[in-house]
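My entries are below the display.

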Amino acid sequence: MSLKYGVLGLLKGEPLHGYEVKNRFEAMLGGTWEVNIGQIYTTLQRLERDGLVRPVGARGDRGKLAYELSPDGHKALEQWLAEPDSGPQQLHEDIYVKLLLATRIANGGLQPMLARQKRAYLQRLRDLNRLEERARRDGRLDLARLIRGALLHTEADLKWMDELSSERFGAEAAKTE
Amino acid sequence: MKELVRLTDVTKVYQGGITGALNGVSLAVEKGEFTAIMGPSGSGKSTMLNLVAGLDRPTSGSVSVSGTDLGKLGETGLARFRRDHIGFVFQFFYLLPNLTALENVLIPAQLKGDGSTGRGRELLEKLGIADVADRYPARLSGGQQQRVAVARALINNPTLLLADEPTGALDTHTGEQVMELLGDLHREGQTILLVTHDAKLATRHAARVISVMDGKIVDDARLASPERAPSEVIRMRSEEKLR
């Protein structure tokens, strides 16, 4: 997920000061991503250096400038929006490494770990359901869509645990190198 | 809380390799609980539901519902027990095609000798399908048919509502609506035992999720429902290197 393009996207609507970018960014993400103001200013400075945004108008109440998109900034944003996400699959939760290590250490005896993880996923599904309900109540359909994605991902994780728990996989001798 | 269902060391053996056998299942469900039973096909989850409903008898072990040991009941007693205590919702609705929606809903009451239509109409109203009361099932959508089936299950004020994949034959949105209905009933105090494949829907409404595999209960999770900040549930983060 990209802070750089998030900032560009927000500036497409109207020129904003750094703290306005921060507030709007966090509101857009519905509190799922808290950024510090320093990151926003660093991002804006780099975007200005690369010619994608430029300062505009008078200084705000903290002596800071507002920024708007440059023509190159518009182009870069359009291009980014039009590109599919085609990078590698992102797996940055601990369970993936835990699974690999446990396969070596426990010599294939993964059941307790899988059962604990499965429970954690069930609880996460419940929490995500609450969050989705809240987003819908607040009229945040965009956020509800995002949470729906998270629900489906967690459902897939749960199915993965079931698959790993089933005899078919349990009986396989794990080759670890 | 009051215990409503108890399975004690229940075994069910089927002849000829039919799947769904149970192997030493013990379980207690309290009044007012919304419990989901999950597991792969053939794991025995539907068998559990059928035993609790008195539609089937265990090979060994005991099943008691609302203080009644179902094993002590004869066929007539069991039929009466089902009529008075159990509401059952199936995946494929099982409405009688030559009866209207309202007539389908009224069947269990009529079996009890109650010929009034008032509660039937009331239930159809409550479930949002009063306008199709006089239609035949073939002229109802899947979602409407399942609502009729829910009304039929509720007509005798069952102690226990059992639902076996009630959303399995419905599209996502309609399935969600039917589950929302079950959630409402639970909030009104209805005890519900639900068999489902859909973990998303199960965890939305049921605070207890029982996992069944190969005829055994492998997990019995009671889920918490705290108010969590969004960032405690989802974390979006930048992997981007600033250049």
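**Ground rules.** I worked from a predicted model, in which local features need pLDDT of at least 70 and side-chain atom pairs count only at pLDDT 80 or more, while totals for chains, interfaces and linings use all residues. I numbered residues from 1 along each chain as its sequence is written, and chains are lettered from A and ligands numbered from 1 in the order in which they are written.

**Cores.** I took a residue as buried if 20 or more other C-beta atoms lie within 10 Å of its own, exposed if 12 or fewer, and partly exposed in between, with C-beta atoms placed from the backbone. A nonpolar core is a set of buried Ala, Val, Leu, Ile, Met, Phe, Trp, Tyr and Cys residues joined through C-beta atoms within 7 Å. The largest one has 78 residues, and B:Ile37, B:Val105 and B:Leu193 are among those with the most contacts inside it. Its largest share, seven residues, comes from helix α6 (residues 111-137) of chain A. Helices (H or I, at least four residues) and strands (E, at least two) are DSSP runs, numbered from the N terminus. Another core, of 16 residues, lies apart from the largest one and includes A:Leu8, A:Val21, A:Phe25 and A:Ala66.

I then looked up what B:Ile37 touches, counting C-beta atoms, placed from the backbone, within 7 Å as a contact. Leaving out residues up to four places away in sequence, the partners of B:Ile37 include B:Lys45, B:Met48, B:Leu194 and B:Ile210.

Which residues of helix α2 (residues 18-28) of chain A are buried? I found A:Gly18, A:Val21, A:Lys22 and A:Phe25. They line one face of α2(A), because they fall within an arc of 100 degrees seen down its axis; the arc is that of the directions from the helix axis to the C-beta atoms. The cover over these buried residues includes α1 (3-13), β1 (16-17) and α3 (37-49) of chain A. Just after α2(A), A:Gly30 has a positive phi of about 60 degrees.

I also checked A:Leu141, which lies in helix α7 (residues 141-165) of chain A. A:Leu141 counts as exposed, because it has 10 C-beta neighbours inside 10 Å.

**Sheet in chain B.** Strands pair if DSSP finds at least two bridges between them. I noted an open sheet of four strands in the order β2-β1-β4-β5 (chain B), with antiparallel pairing. β2 (22-30) and β5 of chain B are at the edges with a single partner strand each, so one side of each has no neighbour in the sheet. Strand β1 (residues 3-12) and strand β4 (residues 60-65) of chain B are joined by five bridges, and B:Thr11 has B:Ser60 as its bridge partner in β4(B). β4(B) and strand β5 (residues 68-69) of chain B share two bridges, with B:Val65 opposite B:Thr68. These two strands form a hairpin with two residues between them, and B:Ser66 in the turn has a positive phi of about 55 degrees.

Definitions and conventions:
Two residues are in contact if their C-beta atoms, placed from the backbone, lie within 7 Å.
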